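Here's a quick briefing for anyone meeting this structure for the first time.

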Amino acid sequence: MKLVKFKKITVQNFLSVGEEPVVINFTKGLNIITGINKDKSSRRNGVGKSTIADAIYFAIFGNTLRDIKKENIGNNITQKKPTVSVDLEISTSSGNVDQYKITRTLNPTKCYIYKNDNDITLDTINNTTNYISDLISASPELFQNCVIMTVNNTVPFMAKKKLDKRKFIESILNLEVFSDMLSYVRSQYNEAQRDLDMECIRYEEVSNQIQAIEQEKTRLQQENQSRINKIEERKKINTTSINELKSRTETNFDKSVSEYQEQVIECKNTLIELKTKRESSNQKIIELKASNKHLKSSHDKMLSKGSTCPVCLQNLNEHSHEKITKEKNRLIEEQRSNNELILERTKQLKLIDDVRDVVENKIDKIQNKINEQMIIVKEKDNTISKINQLQEWNGELNLEMKNLNTITDSQNDQLEKHTSRLQDVQKTINKHKDDINLIDIARFVVSEEGVKSYIVKRVLQLLNSKLSYYLKKMDSNCVCVFNEYFEEQIIDEKGKIMSYFNFSGAEKKNIDLACLFSFMDIRRLQGDVAFNLNIYDELFDSSLDEKGVELVVDILQERVDKFNESAMVISHRRDSTKIATGDIIFLQKEKGVTTRLEGVVN
């Protein structure tokens, strides 16, 4: 166990304390803090006694017990920097003993901590304060409940609301960890439930998406199948047409167009030759006819017998006449020969014309064959074009079918993707459900009915026995018992169940003090830290009579002896100093400033 031993406090310019420091050593025994207020003659209130409790709390946690605003903490007379220092010693079960000094100021706000005279102050005031709280193993609530006890609270413990009493006892018994755990587990449960709800919504969304995709897939498959059937039917028609058209392209020719064209060329060359021959024969005929004409003219010009020569104008004789006759005959013979040649040439022309007609007819026939073949070739080309067009259409139909399948494949991919996502969501849902089941178990464990109930039942016997012990020590006329839900039952001396508010002020004070001492004992037993200091503010100053004060003093002295404590009792009763077994700290307030008077006993 860690022992935190408070040794000394120094207070300066803090609340009613002025420039002159008030120094208090926390010595073992029953110490009394009292004093007088000279600003109000014969009054002991408002001296500044509670300032000591506030100063200790301020040094540790940076706030006051009475929750005073920081601008009002400084002494309004001196107007100087408030400073509080606490010296303490911390020893551990391992045997280590360290000396610490905590100093806290305002204007400027500073907090320093020294360990064995070495400055170990952290980077921020908040971090330093948290370090101090961890160092002494005490939260502000624990410190108020187990070190600085203000008995005359505005609302005594027994008068608190059920929930507030429960929280108070849980803090004393160090059971708030279960409340914290329960709160944490509940938040975890709510978060897990919220995550589960979100995943369930996501699961429903993905399921709806899958259903929509499946419906769309079915619709498209039906449409695609209908379209595919039409495409197949169209392809079948196109294929039939292609086969029919291909049969038309199987026409064979005995000769090619080029061979026919060569024949046409040969025929045309023949025509050229015939034309040349005809022109030659015709020219010959013309020449022969011209010759005959000339011969005839020459013949006609020949003189007959007894005629006069046109040149010499002499009458032709017999001899001349013979010569003329002979010449005439020759001309006639030559004409006849020419006519025979003309006839022969004319026959030759006719023969040439006949041959030319034959050749021209042949050319016409060949050209007709060429034209026919060209028409067939053109038709074949057109047919091939149609075949190519139909094949191209079939290719487009195949591509369309492929695209239709691709659309279905795309939906299959989406379906597979969403199905995988749905499986992942289901796994997450299962995980959240497992987490919730575990959290449910944990929630039960840390709930009122779980481990906490078990621990409370084990502690309650001790708590109730302590409570009974202190009520008996204070000669109370009642007993008080708590159940596992920290609900009290008060029974008076006649065995009648009573309410706390049925008792007188002194009787209620006995119950309050018995609870206080019981809680302090239980907290000491429950915790891993013990303090040498307890401060009781105005413990004797209301309700208790002389016998009651005497009984309470016996309890305090018993605790001082048993726990080696420094009990600081703040009181304004005149006779309170008589019970002191330790120091008497006498404070005096004059002109608004509190100082300590040494060696004064009143």
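Two strands count as paired if DSSP finds at least two bridges between them. Keep that in mind for the first group below, and remember that this is a predicted model.

**Strands and hairpins**

- Start with tyrosine 114, whose bridge partner in S7 is aspartate 119.
- Tyrosine 114 belongs to S6, and there it also stands opposite lysine 101.
- S5 (residues 97-105) and S6 (residues 110-115) run antiparallel and pair over 6 bridges.
- Between S5 and S6 sit 4 residues, making a hairpin, and asparagine 107 in the turn shows a positive phi of about 55 degrees.
- S6 also runs antiparallel to S7 (residues 118-119), with 2 bridges joining them.

**A pair of packed helices**

- Two packed helices are described by the angle between their axes and the distance between the axes.
- For H8 (residues 451-473) and H10 (residues 546-563), that works out at an angle of about 130 degrees, with the axes 9 Å apart.
- H8 and H10 are therefore oblique to each other.
- On the H8 side, the contact is made by Lys466, Tyr469, Tyr470 and Lys473, while H10 brings in Leu551, Ile555, Glu558, Arg559 and Lys562.
- Sorted by class, the residues of this contact between H8 and H10 come out as 4 nonpolar, no polar and 5 charged.

**Empty space inside**

- Rolling a probe the size of a water molecule over the atoms shows where empty space is left.
- How many cavities of 30 Å³ or more does the structure hold? There is 1.
- The largest cavity holds about 150 Å³ of space.
- Its lining is made of 13 residues, with Cys146, Met520, Arg523, Arg524 and Phe531 nearest the centre of the largest cavity.
- Helix H3 (140-146), helix H9 (505-526), strand S12 (529-531) and strand S13 (533-537) each give at least two residues to that lining.
- In the lining of the largest cavity you'll find 7 nonpolar, 2 polar and 4 charged residues.

- The lining of the second largest pocket splits into 4 nonpolar, 6 polar and 5 charged residues.

Methods
Residues are numbered from 1 along each chain as its sequence is written. This is a predicted model: local features need pLDDT of at least 70, side-chain atom pairs count only at pLDDT 80 or more; totals for chains, interfaces and linings use all residues. Side-chain values use heavy atoms; hydrogens and water are left out. Ala, Val, Leu, Ile, Met, Phe, Trp, Tyr, Cys and Pro count as nonpolar, Asp, Glu, Lys and Arg as charged, and the others, Gly among them, as polar. On a 1 Å grid over the protein atoms alone, a cavity is a set of points where a 1.4 Å probe fits but cannot get out, and a pocket is an open set with protein on both sides within 12 Å along at least five of seven lines; lining residues have an atom within 4 Å of a point. Grid points are joined across faces, edges and corners, and a volume is the space filled by probe spheres set on the points. Axes are lines fitted to C-alpha atoms, for helices over the stretch in contact, and angles run from 0 to 180 degrees between N-to-C directions. Angles under 35 degrees count as roughly parallel, over 145 as roughly antiparallel, 65 to 115 as roughly perpendicular and the rest as oblique. Contact means heavy atoms within 4.5 Å.
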